[in-house]
Amino acid sequence: MAPAAAPPAAPLLLPRRAASARARAASLVAVRAQPDTTSAASTSAPDPPPDFKPPQGFKPPEPKKFAVKEGQQGSVLGASLAIPLRLGTGVFVLGYSPSLVSPSEIPSDQYALEFGAWKVKEESKIGQCKRPEKPIEIYEFEGCPFCRKVNISSLLHLHFAAVILHVREMVSVLDLDVLFYPCPQKGPTFRPKVLEMGGKKQFPYMVDPNTGVAMYESDDIIKYLADTYGDGTVPIMLSLGLLTAITAGLATLGRVGKGNSYTASKVPPQPIEIWAYEGSPFCKLVRETLVELELPHLLHSCARGSPKRQEFFKKMGTFQAPYIEDPNTGVKMFESAEIINYLKATYALYPSS
């Protein structure tokens, strides 16, 4: 397939919703100043906020369909474990229904997956579901698949309950836009905020600005999202108890420790926007970096069957995920490996380390 044209200047998110999400994120983000190294520093003027610019000589790459960059094969393979182990949960939206049709049945200006001499017509129930006016807010981190809970009624009995992975899968199933605040271990910005808001440093923590609801506990969050923005049903792979927890844990083995620990960074004033979905290994790799750098990001979930795929295709002339738009630098780009390099070069305090 020929490379797509360069992305247009206009952002894909509706301006009102983007402004609302960015204003909310800006109210929570405080740019961290460098530590004082001399006694005189305490009486000097504070350091100015960092000036965010793309790396010198940076040029966004052209999107390449189904291409894996040299050296990225192992990472992609490890990030792909969730697809078979979780039976595709997070790959498809609610009520996903594909059918093979003749190419003539789908106009050329509409998004469709090509399958040999056929095209795949994709339908879903998302259009029948209530849509939140403002993005849901979730505090979490990529590398945490489990929480341990103590069952008081059974002495010394511990059972695993998968948490953050499951919530992200539900976000993809329901095709929700979510403002993620990453909380990696030792992260200085948003972990304390969760303690301040909810009284516990526990993850995930969800805030729905549309209803005023805030809660911990993945099972409760999933049920709330299903009842409020779905048809009330929870996917089978999110409701199997211990089996759900085991498969979620195994799904993380290929990326052990990734998306878990904080990397010293400069926090931008506005969240990075990303078009992605939980079932994609390429999207997972980018999210790991966003979390490690503690970069707030506004996710536009776009799993198979999502209406956002057509919106994206109409704007871009192609569809490929992940794709980011960074309002702090003006950069808009495809290609997961290059996105990761860009994020590290732009926001890591020590990009060469």
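Predicted model: local features only at pLDDT ≥ 70, side-chain atom pairs only at ≥ 80, totals over all residues.

Q: How many helices and strands does the protein chain have, and what percentage of its residues count as buried?

A: The protein chain has ten helices and 13 strands. Of its 353 residues, 48% count as buried.

Q: Which way do the residues of strand 10 point?

A: The general idea is that in a regular strand the side chains alternate between the two faces of the sheet. Here, Ile 272, Ile 274 and Ala 276 point one way from strand 10, while Glu 273 and Trp 275 point the other way. Strand 10 covers residues 272–276, and five of its five residues are buried.

Q: Which strands does strand 10 pair with?

A: To read pairing, look for bridges and for direction. Strand 10 runs parallel to strand 11 (residues 297–301), with five bridges between them. In that pairing, Trp 275 has His 300 as its bridge partner. To get from strand 10 to strand 11, the chain passes through helix 8 (residues 281–292), and this β-α-β crossover is right-handed. With strand 12 (residues 323–326), strand 10 runs antiparallel, and three bridges join the two. Across that pairing, Glu 273 stands opposite Glu 325.

Q: What is the strand order in the open sheet of three strands?

A: The order is 1-3-2, and the pairing is antiparallel. Strand 1 (97–101) and strand 2 (113–115) each have a single partner strand, so they stand at the edges and one side of each is left without a neighbour in the sheet. Ignoring direction, neighbouring strands here are turned by 35 degrees against each other on average. Zoom in on strand 2 and strand 3 (residues 118–123): three bridges join this antiparallel pair. There, Phe 115 stands opposite Trp 118.

Q: Now the rings. How many aromatic pairs are there?

A: For aromatic pairs, check how far apart the ring centres are and how the planes are angled. The count comes to 16 aromatic pairs. Take Tyr 181 and Phe 190: their ring centres are 5.1 Å apart and their planes are at 50 degrees, so this pair is tilted. Tyr 181 is buried at a relative accessible area of 0%, and Phe 190 is buried at 0% too.

Phe 312, where we began, forms an edge-to-face pair with Phe 334, at 6.0 Å centre to centre and 75 degrees between the planes. That pair links distant parts of the chain, 22 residues apart: Phe 312 is in helix 9 (residues 307–316), and Phe 334 is in the loop between strand 13 (331–333) and helix 10 (336–347). Phe 334 is also buried, with a relative accessible area of 1%.

Q: Which residues form one aromatic cluster?

A: Tyr 111, Trp 275, Phe 312, Phe 313, Phe 319, Tyr 323 and Phe 334 do.

Q: Where do the charged ends of Arg 191 and Arg 287 sit?

A: Each sits over a ring. For Arg 191, the ring belongs to Phe 141, with the charged end 5.3 Å from the ring centre. For Arg 287, the ring belongs to Phe 180, and the distance to the centre is 4.7 Å.

Terms used: Residues numbered from 1 in each chain as written. Heavy atoms only, no water. Buried < 20%, exposed > 50% of the residue type's maximum accessible area, 1.4 Å probe, protein only. Helix = DSSP H or I, 4+ residues; strand = E, 2+ residues; numbered from the N terminus. Pairing = 2+ DSSP bridges. Right-handed = clockwise from strand over helix to strand, strands pointing away. Phe/Tyr/Trp six-rings, centres within 6.5 Å; stacked < 30°, edge-to-face > 60°. Lys NZ or Arg CZ within 6 Å of the ring centre and 35° of its normal. Axes fitted to C-alpha atoms, helices over the stretch in contact; angles between N-to-C directions.
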